[in-house]
Each structure stands twice: as structure tokens, then as C-alpha cells.
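Me: I'd like to talk through how the pieces of this fold sit against one another. Let's have it up on screen.

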Amino acid sequence: MTSWNYTLVTYFQFSPFSSIPEIQGSLFCLVLFMYLSTLVGNILIIMITVVDAAFCSPMYFFLKNLSFLEIGYTTSTIPKMLVTFLTKRKSISFLGCATQMYMFSLFGITECCLLAAMAYDRYVAICHPLHYRTMMSWNKCFLLSAVSWLTGVLVALGQTTFIFTLPYCGPNKINHFFCDLPPLLKLACVDTYKNEITTYILAVLFIMVPFLLIVVSYVKILHTIFQMPPAGDKRKTFSTCSSHLVVVTLFYGSGIVTYLRPKASYSSSSNKLLSLFYTLMSPMMNPLIYSLRNKEVKQALKRLIAKNI
């Protein structure tokens, strides 16, 4: 009963983000401003790391990848959300929904893996500084990045195929502002217990495992910092990875609460707010976090602005 022949639904309809029609215009302006800020901030980070020769290092190579991921991550959901604010028919085609879920999953899973690679980079830089150039060679950087992207492509493809080969025969209203896993599974016409277990296992593997690797890296980083002699600049050493730690906390905090909390505590309204946080707030804040806490980025940004004035 999982053949496309049994799928009667040809489109899905999103529920309004708010039940108060009067504030739809204000929400549209707020979300549009945040989305444009996300694009501008991450594009500037990419431009700085590409144009300025001072940023030719593994840390900024990964940062450039992260900014590209953030752009794709928000673009997979927010433009469609903005359209639904302005139209009465808040719908998306079946194929469009599958495409949106695939792109969202691809960028999200890739970011989980990339954040783990960035934590490893900081671990090597602080715990093995004399071997940094050999342990974090450009071949190793490209390999870690390629593995992150390949993991995202394959897992997202399998997950999307697994969800969209289920029969959907009505109702077709998604209680969300984009095609996410939990609300879509509720609309399937068959028992989705196996799908829910599979989704949970994937979330553990590709959210919790990278997160645990990050935790292990930072435990070793903190141990190394605490073992430094009193004359060593511990604060300056830790500041090189503090921005990454803040980004990890924002991204994983909301992601873990959304996808790994018990089903009994699932709430559509709270899930929408959490989803808005990790699909828009976190990507918007990342460029600010890296620029405000990094003197090199701030100086490069000033040089880039000065060249174009």
C-alpha cells in the first residue's frame, strides 16, 4: 500500500502561522527583514573569506561552507512562507513539498556534520598546535567537507523517498509553515510507527552523534586550556572557538528539542516557534556572532566596505 498509485493527495495546504489575520502583514515584514539580513550577512562572510588572503586557513574554509549552508537552509523554507503570508491559498504541490523537505534535510544534516568537522579543527588547533598543518591539511579539509555534503545528500534522499512513498489520501492540511517530518507523518493514511522509529534513529545518528563528537572535542579543548601554565593566555585561546560553540548551542539546542523530544510533549504551536528559530534566527545570528567576536573578520569587513565606497 505504499505505491504512488494509492496517493490521492496532489497538493498540501499550510496552516496560517498565526490565527490573528491582523498581524499577518507585520509578520511578513519581520520575517522578510530577518531573511534579507541572513542573506546579506552570510554573503558578506563568503565574500570576505574568498577575497581576503588573510582568511586562507581551514577554519575559514569551514566557515565559508557554513555560510553557504545557512543561505540554502533558510531559502528552502522562508520564501515559500513569505508567499503564504500574502496569498489566501497557502498551498504547495506534492512534488514541491517533497523537494522542499529534501533541500531542508540536505542542508540541515550537512550542517550537523560540518559543525562536527569545525569542532575537530578547533580541537587540533588548540590541543595539537605543532601538528596542525599536517593533521588539518587541505586534503583533510576537503575530505571532511565532502563527507559532510555526501552524508546530507544521501540521508536526505533516503528520508524524503521513505516519507513520500507513503499513501496520502486526505486530509492534506499541514499544521506547519513548511514540509517537515512530524506534521507530514500525521497525514499519512497508514500506520507510520516504523517511519517514526526510522526517523528517530536517523535523528539520533545525524544529530546526536555529531553533537557528541563536538562535546568530546570541547571537553578535550577545555582540559588542554586548564592545563596551560598561568602565564598562558587562556581566555585568548578559548576565544578562537567560542563563536563556534555559541553557533552549536543555538543550532543543536532547538534541533534536539524539536526532533528528539517525547511525542507526548509535541505541540504544533511550540514546534512552529522552535522551527522558526533554527530555520531563520540561528542562520541570521551566525554572521553576527562570527563578526562581533572575531577581530580579523571585523577588520576584513571594514576593508571590504572601504574598497567599495
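Me: How many bridges join strand 1 to strand 2?
Reply: This is a predicted model, where local features need pLDDT of at least 70, side-chain atom pairs count only at pLDDT 80 or more, and totals for chains, interfaces and linings use all residues. Residues are numbered from 1 along each chain as its sequence is written, and side-chain values use heavy atoms, with hydrogens and water left out. Strand 1 covers residues 11–14 and runs antiparallel to strand 2 (strands are DSSP runs of E, at least two residues; helices are H or I, at least four; both are numbered from the N terminus). The number of bridges joining them is three.

Me: Which residue of strand 2 stands opposite Phe-12?
Reply: Strands pair if DSSP finds at least two bridges between them. In strand 2, the residue facing Phe-12 is Ile-92.

Me: Why do helix 1 and helix 3 count as roughly antiparallel?
Reply: Angles under 35 degrees count as roughly parallel, over 145 as roughly antiparallel, 65 to 115 as roughly perpendicular and the rest as oblique. Helix 1 (residues 24–51) and helix 3 (residues 78–86) have axes 9 Å apart. They are roughly antiparallel because of their packing angle, which is about 160°.

Me: How many nonpolar residues are in the contact of helix 1 with helix 3?
Reply: Helix 1 brings in Phe-28 and Tyr-35, among others, and helix 3 has Met-81 and Phe-85 among its own. Ala, Val, Leu, Ile, Met, Phe, Trp, Tyr, Cys and Pro count as nonpolar, Asp, Glu, Lys and Arg as charged, and the others, Gly among them, as polar. There is one polar residue and no charged one, and the nonpolar count is 11.

Me: How far apart are the axes of helix 2 and helix 6?
Reply: Helix 2 (residues 58–75) and helix 6 (residues 138–164) pack at about 20°, which makes them roughly parallel. Phe-61 and Phe-68 of helix 2 are among the residues in contact, as is Trp-149 of helix 6. The axes are separated by 10 Å.

Me: How many charged residues are in the contact of helix 6 with helix 8?
Reply: Helix 6 and helix 8 (residues 193–226) pack at about 170°. Val-155 and Gln-159 of helix 6 take part, among others, and helix 8 supplies residues including Lys-194 and Asn-195. By class there are four nonpolar and four polar residues, and the charged count is one.

Definitions and conventions:
Axes fitted to C-alpha atoms, helices over the stretch in contact; angles between N-to-C directions. Contact = heavy atoms within 4.5 Å.
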